[in-house]
Amino acid sequence: MAFKGMLKDEDIAAALQHCAAADSFNHKAFFAKVGLAGKSNDDVKKAFYVIDQDKSGFIEEDELKLFLQNFSASARALTDAETKAFLADGDKDGDGMIGVDEFAAMIKG
C-alpha cells in the first residue's frame with residue numbers, strides 16, 4: 001500500500017467505510033478520518049505525489065475520480081458529482097487541476 005507507514009490501516013478502513021455509499025464522499029471528513037489532516041507538510045506532499053498517478057505535478061479530474069483507490073484497490077470510484085465537487089473545492093486558481101499547494105490547503109484548511 002502506498003500509504004504504509006504514513007497512515008494507520010484501521011484509519012484508512014474507517015474512512016473508506018464512512019464513504020462507501022455513492023455520493024457520500026466528503027473530502028474534508030475523509031482527510032480527518034484517514035489521519036492526513038494532522039500530518040506534517042512533508043507527509044501531505046508525499047500523499048499528493050501518491051495520488052498524482054501520472055506524475056504531472058497536478059491532480060486532474062480523472063485522478064480524483066479514482067482517489068479512494070489510492071487508499072485501497074477495492075475502494076469505489078467517486079461519482080461524477082463527487083469528483084466535480086472535490087475538484088471545485090481544491091482548484092483555487094481555476095486551471096482545472098489541483099496543484100500540491102492547493103492540495104495541502106485542502107487538507108489543512
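## Around Glu63

Leaving aside residues up to four places away in sequence, Glu63 is in contact (heavy atoms within 4.5 Å) with Ile51, Asp52, Gln53, Asp54 and Phe58. Glu63 sits in helix α4, residues 61–65; helices (H or I, at least four residues) and strands (E, at least two) are DSSP runs, numbered from the N terminus. With a relative accessible area of 6%, Glu63 is buried; buried means under 20% relative accessible area, exposed over 50%, and partly exposed in between, using a 1.4 Å probe and protein chains only. A polar atom of the Glu63 side chain also lies 2.9 Å from the backbone nitrogen of Gln53.

Before going on, keep in mind that this is a predicted model, where local features need pLDDT of at least 70, side-chain atom pairs count only at pLDDT 80 or more, and totals for chains, interfaces and linings use all residues. Residues are numbered from 1 along each chain as its sequence is written, and side-chain values use heavy atoms, with hydrogens and water left out.

## What the record says

An unreviewed UniProt entry lists Asp52, Asp54, Ser56, Phe58 and Glu63 under "binding site". Positions from UniProt are in the numbering used here, feature names are shortened, and annotations may be inferred rather than shown by experiment. Ser56 belongs to the loop between α3 (41–51) and β1 (58–59), and it counts as partly exposed because its relative accessibility is 35%.

The unreviewed entry in UniProt also gives "domain: EF-hand" for residues 39–74 and 78–109. Residues 39–74 are 44% helix and 6% strand, with end C-alpha atoms 25 Å apart. For residues 78–109, the figures are 62% helix and 6% strand, with the ends 22 Å apart by C-alpha atoms.

## Ile98 and its neighbors

Now for strand β2 (residues 98–99), where you'll find Ile98. Beyond residues up to four places away in sequence, Ile98 touches a number of others, including Phe48, Ile59, Leu64, Phe86 and Met106.

## The nonpolar core

The largest nonpolar core has 32 residues, and Phe3, Phe30, Phe31, Phe67, Leu68, Phe71 and Phe103 touch the most other members. Such a core is a set of buried Ala, Val, Leu, Ile, Met, Phe, Trp, Tyr and Cys residues joined through side-chain atoms within 4.5 Å. Two or more residues come from each of α1 (9–18), α2 (27–34), α3, α5 (80–90) and α6 (100–108).

Methods
Polar contact = N/O pair within 3.5 Å; in protein donor to acceptor, adjacent residues only side chain to side chain.
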